[in-house]
Amino acid sequence: MAFLVAGTLQVASQVADAQESLGRKGKYSVKDPRVALALCSPEVSASTAALLEGVFQTLGFESCRRQGASVQVSPHLPPLPQPLPSAPPGASLHSGWHSLLPQGFRGELTRFREQLDAHGGSVGCAFVALVARPWQLRQSQQLVRELSRCKALWGRPKVFLLLSSAPGAVPEPGAFLASLGELCGRRPHWSLLQLLTEVFSRTAEESAGAAYCPVLRSSLRGALCLGNVEPWGPEPEPGPSAQYDLSGARAALLLAVTQGRLGAQHDVEALEGLCQALGFETTLRTDPTAQTFQEEMAQFRKRLDAHRGPVSCALVALMAHGGPQGQLLGADGQERQLEVLVQELSHCGALRGRPKIFLLQACRGGHRDAGVGPAALPWFRRWLRAPPATPSQADVLHVCTDVQGRSSRGPTPRSPNQADVLMVYAAAEGCVAYRDKKGSDFIQTLVEVLRADPKADLLELMTEVSWGVVGVAWGEGLDSAFFSAPVFCSPPSHPFAEGGSPLPSET
């Protein structure tokens, strides 16, 4: 009986800690220690290391100390469980930096995770910076998965910042970090998404003519404000200066397969009503074949290019079954690659420099995410009516500032045609998207959030959508619940807002 009570109290404490991190709707509270890890390849200079350390300190992360070959840790956490290897020849080491060859990135992050779990307490936020050559940065998804296993970070935000150290990289790491550090100090009320978007906008203006297109991938479930102010406090300072001009026409295309998709008609009706209420001229097509997906996108693009006045924004909703690699399946069961559809609209002349929003309600694979959470016996959860878990891929912000390469699953950095695109997925890569007779949690929550606060910045609203979707699963209180973590992916040149309003308000 004593074991039962002790175990119950421990689980209750873990659940309370996790809920405290998002204690206010859509807002992270990062009162616990913030920890950071910086990994770089040998060519990175000590001056760049110093700039990154300054950014960490400005954002409130713990001071660094040297352990072995100088790896960044918090002074309030125990030392790493084993000695670190010596730095490779020619490595540039600074307080908080561990300069190593690419095969060491995964090992160092594993040690970092083990150290946090050995700490025995909660961590408010983790920030991992990786400065290396573009081909080395492609390991980042492995690092994200590794840190997502950290028990101390359950329900806590995890930020990954990728900077290219290649000669001529845009942005140059030092300049990017200097701009970010300066802005962090002047705008403590801004969320991290706002800070990054503003820095990206400045960099794009300063690098005119260069192929520059950063990408943010986020499954955050709330605003992440790292300044020394409460994230829900008053904001006397203005928002980001560079904003989209949304005074022109708005157009929406809804393509939905309803055959064999229980509840899909409810999603169609909800989205169509939202688009019309928010001033979009809406085109709806149901049960398109794979070929029709392509044809409708091409016709949509032609109509926009033929429009006599300015077009300020386009929204495309794609709702269908998904293939094992994230393909869309038409009503005929044939596949259509998402990238082809995105490229079609990205080449629209009328939308150059304008926001293009894609909503994807489809599976992106067959993995059913059972989530991560406090270790407990099933009857503990029933007794406490506590959430059994949270999605394993939730609470991650993945920032690629300059990564070359090509992907079939979304916008690719260094591709100017992919700028100003916001991709919002119902599920993380490789995972199932859920839907029942009432519709999908993703579409229904998104419509509810946008109707409730259409004047907020759209990127911040997407974090609230993620919060709401996970909250639906938590509210079920089922031990067997599986989770879907919405993800949005955006290479922004400006915030998705116009005077604080990404979309016209309802009348």
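Hi everyone, let's start at Asp287, which sits in the loop between β7 (281-286) and α9. Keep in mind that we are looking at a predicted model. Asp287 has a positive phi of about 50 degrees, although it is not a glycine. Is Asp287 buried or exposed, or something in between? With a relative accessible area of 23%, Asp287 is partly exposed, because buried would mean under 20%.

Now hold that picture and look at another aspartate, Asp395. You'll find Asp395 in the loop between α11 (378-384) and β13 (396-400). Asp395 is not a glycine either, and its phi is positive, at about 65 degrees. Its relative accessible area is 1%, so Asp395 counts as buried.

Back to α9, please. This helix covers residues 290-306, which makes 17 residues. How far apart should its ends be? At 1.5 Å a residue, α9 should span 24 Å. Several α9 residues are buried: Ala290, Phe293, Gln294, Glu296, Met297, Ala298, Phe300 and Leu304.

Some of those names come up again with my next residue, Arg336. What is the nearest side chain of opposite charge to Arg336? It is Glu295, 7.7 Å away. A salt bridge needs the charged atoms within 4 Å, and the buried Arg336 has none. What Arg336 does have is a polar contact, side chain to side chain, with Gln291 at 3.2 Å. Leaving aside residues up to four places away in sequence, Arg336 touches Ala290, Gln291, Phe293, Gln294, Gln327, Leu328 and Leu341.

Last stop: strand β8, residues 311-319. How many of its 9 residues are buried? The count is 9 of the 9, so β8 is largely enclosed by the rest of the structure. And who are its partners? Strand β6, residues 249-256, pairs with β8 in the parallel sense over 8 bridges. In that pairing, Leu255 stands opposite Leu318 of β8. Strand β12, residues 356-361, also pairs with β8 in the parallel sense, over 6 bridges. Here Val316 has Phe358 of β12 as its bridge partner.

Notes
Residues are numbered from 1 along each chain as its sequence is written. This is a predicted model: local features need pLDDT of at least 70, side-chain atom pairs count only at pLDDT 80 or more; totals for chains, interfaces and linings use all residues. Side-chain values use heavy atoms; hydrogens and water are left out. Helices (H or I, at least four residues) and strands (E, at least two) are DSSP runs, numbered from the N terminus. The expected span of a helix is 1.5 Å times one less than its number of residues. Buried means under 20% relative accessible area, exposed over 50%, partly exposed in between (1.4 Å probe, protein chains only). Two strands pair if DSSP finds at least two bridges between them. Lys and Arg count as positive and Asp and Glu as negative; His and the chain ends are not counted. A polar contact is a pair of N or O atoms within 3.5 Å; within protein, one must be able to donate a hydrogen and the other to accept it, and residues adjacent in sequence count only if both atoms are side-chain atoms. Contact means heavy atoms within 4.5 Å.
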